[in-house]
Amino acid sequence: MSGRDPFCRPRSVRRGAALTLVFASVLVAGAATGSLPGAGRGASADGAAQAAPVGHHTEVFRAAEEAAAHGASPLEAAERAVSRSGDRWAAVYSPDEYEKFEAGLDGAYTGVGLWARERDGRIEVAKVGSGTPAAEAGIRAGDRLRSVDGEKVDGRPVTEVVSLLRGDTAGKSAGSTVRLGLERGSRSWSETVRRARLSREAVTVRSLPSGVTVIQVTAFTRGSGEQVRTAVREAPEESGVVLDLRSNPGGLVAEAVTAASAFLDGGLVATYDVEGEQRALHAEPGGDTHTPLVVLVDAGTMSAAELLTGALQDRGRAVVVGSRTFGKGSVQMPTELPDGSVAELTVGHYRTPSGRDVDGHGLTPDLEAGEQALERAETVVGGLGR
């Protein structure tokens with residue numbers, strides 16, 4: 001599967017990159033991380049009808065069509081065309097893979113239950129889900145991930161590591177096992193973990209002893225935007241809110257825009273282009289514009305999560321605390337191929353309300369903070385309240 005074509009990276013690795021952690025070891029984010037209203041089939045932000053092929057989509061579609069006419073695999077022909085396009089975030093899905101991808105946007109995923117992040121060229125466990133295979137194996141946040149099934153991961157993009165954890169490169173599914181090389185302090189060990197079909201709430205809410213409400217969004221899956229709005233409405237106004245978007249790989253842009261509407265009274269959220277045509281995304285009126293707000297970000301904050309952060313920062317609605325974000329500001333759209341597989345290709349980029357280009361740059365927080373980021377955010381919220 002990984003060596004079919006000398007010009008193409010393994011499809012599973014490409015898909016892992018396009019998913020941008022929508023299953024981030026257990027998370028979500030995806031080709032739809034950049035899919036916007038009107039973007040096309042399923043992965044689009046509003047579930048609009050299938051879009052007609054445009055730009056590189058046309059080339060990929062024709063390659064698949066010609067392959068089908070000659071009895072060859074349209075999917076493999078599409079992969080070759082995608083590889084030649086030089087599109088970093090492009091991906092081609094079989095019908096089954098696309099179905100699983102869309103399930104991820106509903107909060108379902110296959111994995112071991114851990115979030116991974118890159119730190120100084122090394123891969124670190126950012127978080128472990130309660131009751132997941134990783135938790136049962138005793139893996140903890142802060143553990144260093146050295147290898148996956150014997151493949152060293154230091155220096156590799158997180159997206160590729162995620163693909164290995166999920167078993168994409170070997171066509172693995174729930175029930176299969178993965179052997180992890182781990183390190184904690186001076187201890188090194190290996191752990192065999194069984195992958196499982198998991199689900200989780202993308203939005204969790206808790207109160208700090210100070211009364212500050214922390215709304216953590218791990219991915220913008222379906223319904224998450226409205227959950228954020230509900231959480232904001234129910235939060236004590238005088239105490240302030242910390243919106244925690246750390247290690248959030250993105251998700252559905254429409255959900256990020258809905259979340260922005262919780263804090264803005266209408267107005268611009270982002271602009272984006274599709275094949276040169278300029279478009280805009282706007283918040284709904286009536287959001288809470290008074291409650292003190294801090295947004296927490298880090299290097300794992302990506303795509304739709306960056307779109308939301310940039311809007312709140314540019315509009316002067318929030319103070320952003322943490323570290324520079326990932327820098328994925330590209331827009332993908334899906335096209336169905338003759339055999340029912342789906343090609344996702346980049347068609348444009350989005351910009352923040354002030355015109356900042358996120359792609360390849362990321363967003364710089366107003367206040368840099370590392371390990372004690374939440375504590376710093378809590379202090380800032382208190383200051384804003386005063």
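A crossing of two helices is left-handed if the near helix is turned anticlockwise from the far one by less than a right angle, and right-handed if clockwise. In this predicted model, local features need pLDDT of at least 70 and side-chain atom pairs count only at pLDDT 80 or more, while totals for chains, interfaces and linings use all residues. Residues are numbered from 1 along each chain as its sequence is written, and side-chain values use heavy atoms, with hydrogens and water left out.

The crossing of H8 and H9 is right-handed. Helices (H or I, at least four residues) and strands (E, at least two) are DSSP runs, numbered from the N terminus. Helix H8 covers residues 253–261 and helix H9 residues 304–314; they pack at an angle of about 25°, with their axes 9 Å apart. Axes here are lines fitted to C-alpha atoms, for helices over the stretch in contact, and angles run from 0 to 180 degrees between N-to-C directions. H8 and H9 are therefore roughly parallel to each other, given that angles under 35 degrees count as roughly parallel, over 145 as roughly antiparallel, 65 to 115 as roughly perpendicular and the rest as oblique.

Where the two helices meet, Val253, Ala256, Ala259 and Ala260 of H8 face Ala304, Leu307 and Leu308 of H9, contact meaning heavy atoms within 4.5 Å. By class, this contact has seven nonpolar, no polar and no charged residues. Ala, Val, Leu, Ile, Met, Phe, Trp, Tyr, Cys and Pro count as nonpolar, Asp, Glu, Lys and Arg as charged, and the others, Gly among them, as polar.

The next element is a sheet. Six strands form an open sheet with mixed pairing, in the order S10-S11-S12-S15-S16-S19; two strands pair if DSSP finds at least two bridges between them. Strand S10 (203–207) and strand S19 (367–368) stand at the edges, each with a single partner strand, so one side of each is left without a neighbour in the sheet. H9 packs on this sheet and touches S12, S15 and strand S16 (319–322), its direction making about 145° with that of S15.

Strand S12 (residues 241–244) runs parallel to strand S15 (residues 293–297), joined by four bridges, and valine 242 stands opposite valine 294 in S15. Four bridges also join S12 to strand S11 (residues 213–217), again in parallel; here glutamine 216 stands opposite aspartate 244 in S12. In a regular strand the side chains alternate between the two faces of the sheet. S12 is covered on both faces, with Val241 and Leu243 buried on one side and Val242 and Asp244 buried on the other. Buried means under 20% relative accessible area, exposed over 50%, partly exposed in between (1.4 Å probe, protein chains only).

H9 is mostly covered too, with 10 of its 11 residues buried, among them Glu306, Thr309 and Gln313. After H9 comes glycine 316, whose phi is positive, near 70°.

Most residues other than glycine have a negative phi. Serine 247, in the loop between S12 and H8, has a positive phi near 60° and is buried, with a relative accessible area of 14%. Aspartate 120, in the loop between strand S3 (114–119) and strand S4 (122–128), has a positive phi of about 55°, but counts as exposed at 75% relative accessibility.

Alanine 373 belongs to helix H10 (residues 373–385) and is buried, with a relative accessible area of 2%. Leaving aside neighbours within four places in sequence, alanine 373 is in contact with Arg246, Leu296 and Val321.
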